[in-house]
Amino acid sequence: MKKVTRKITVDLSRRSNSRILFATQNDLYSRRLLIKLTDDGMPYPVQHGLTVTVNYLRPDGVSGAYLADVCEDGSVEYVISPAILNAAGQTQCTVSLFNEDGNKLTSSPFIIDVAESLYLGNDVSEDEGEDLISSIMSAYTSMDSAENAREWAEAERERAEEQRKIADEERVSAELGRANAEEKRQEYYSKIEPNLRAIADIQQGFINENGDGEGGAFVSLLQAYPIGSIYMSVNATDPATLFGGEWERIKDTFLLSAGDTYGAGTSGGSADAVLIEHTHDITSYQGNPTYLKSGSDASGVLVVHDSVDYVTNGASSAHKLNARHAGKGGGQGKNMPPYLAVYVWKRVG
């Protein structure tokens, strides 16, 4: 059933001519008011978020207040409650506005003239009267339930909206986290990509003894590096992240092939080559030199050690010459060949 709607204007600042509205006693949710508020004659739109009530005082002294709705245009919509229409006569009504701070603003009154109902239930049978009363009470209950359901649905909608906002914020945060993780993944992949390609090439090469590439059983990369193996690379990626296993980093050390002199696994040497203080000996020389002089009857001179002997021209003599280098060498200096530094690991587990 379509509700009967009445539009009225009620002022907040001055007492206007009392607006008298017509209704019939015991009408049930069939009459609606659209109330436009003014302030000294000027429009006063009601802000959303304010609490609005319609207050009443019946001619029998009973008073009360009911919530009203705020429309998009700032007017107030109220479906007249059966309680207001329960008593015949003129019922005075006002509109009150409340904000969240508890401030209250009330309009000038308007009047609903409630005509006495011609039907009070005395002209029907008892059974029919009971049925009618039961129907009316059922209608009251249904309407109260519907209003409660509406309020509950509105509260649920507000909660759902709040949850949606929270979920949206979490989604944005997760998307930012995903973007950051992807950026780091790309950066990490760009560093290890050469290793991954090398690994793929190595894995492709490890097939069974058939060597035909068909039906061959691939050997795991970790099997290619048994315990004790050495892994070298110019990239700092730990081979444990590439192949698994446990690896030990070798730093600032040259590798030397093992043999009869140096056993496998031994270590030694120094980062600085030290020159030890030392002398050099020259082996003895022995010969038979011949000394000649120029001119007749000239004599030659032979020097052996610290003695001097004179010999005649053309004579020969055996002698021995000993020489020793008296200087010495020593100090500290580096004996470093050209090199390329690489990262080295040894598998230990």
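Which residue lies over the face of Trp 345? Select Arg 249: it lies over that ring face, 5.7 Å from the ring centre. A charge counts as over a ring if NZ of Lys or CZ of Arg is within 6 Å of the ring centre and within 35 degrees of the ring normal.

Before moving on, note that this is a predicted model: local features need pLDDT of at least 70, side-chain atom pairs count only at pLDDT 80 or more, and totals for chains, interfaces and linings use all residues. Residues are numbered from 1 along each chain as its sequence is written, and side-chain values use heavy atoms, without hydrogens and water.

**Stop 1: the rings**

Select Tyr 225, Tyr 231, Phe 243, Trp 247, Tyr 343 and Trp 345. Ring pairs link these residues into a cluster. The structure holds nine aromatic pairs. Rings of Phe, Tyr and Trp (its six-membered ring) pair if their centres lie within 6.5 Å; planes under 30 degrees apart are stacked, over 60 edge-to-face, and the rest tilted.

Zoom in on Tyr 231 and Phe 243. This pair is edge-to-face, at 5.5 Å centre to centre with 80 degrees between the planes. Tyr 231 sits in strand β11 (residues 230-233) and Phe 243 in helix α2 (residues 239-243), 12 residues apart. Helices (H or I, at least four residues) and strands (E, at least two) are DSSP runs, numbered from the N terminus.

Trp 247 belongs to strand β12 (residues 247-250), so the pair ties together parts that are 16 residues apart in sequence.

Are Tyr 231 and Phe 243 buried or exposed? Both are buried. Buried means under 20% relative accessible area, exposed over 50%, and partly exposed in between (1.4 Å probe, protein chains only). Tyr 231 has 8% relative accessibility, and Trp 247 is buried at 10%.

**Stop 2: Ser 229**

Select Ser 229, in the loop between α1 (126-205) and β11. Ser 229 is buried, with a relative accessible area of 16%. Which residues does Ser 229 touch, not counting those up to four places away in sequence? They are Trp 247, Trp 345, Lys 346 and Arg 347. Contact means heavy atoms within 4.5 Å. Ser 229 and Arg 347 are 118 residues apart in sequence, yet 5.5 Å apart in space, C-alpha to C-alpha.

**Stop 3: strand β2**

Select residues 20-24, strand β2. Leu 21 and Ala 23 make its covered face; Ile 20, Phe 22 and Thr 24 make the uncovered one.
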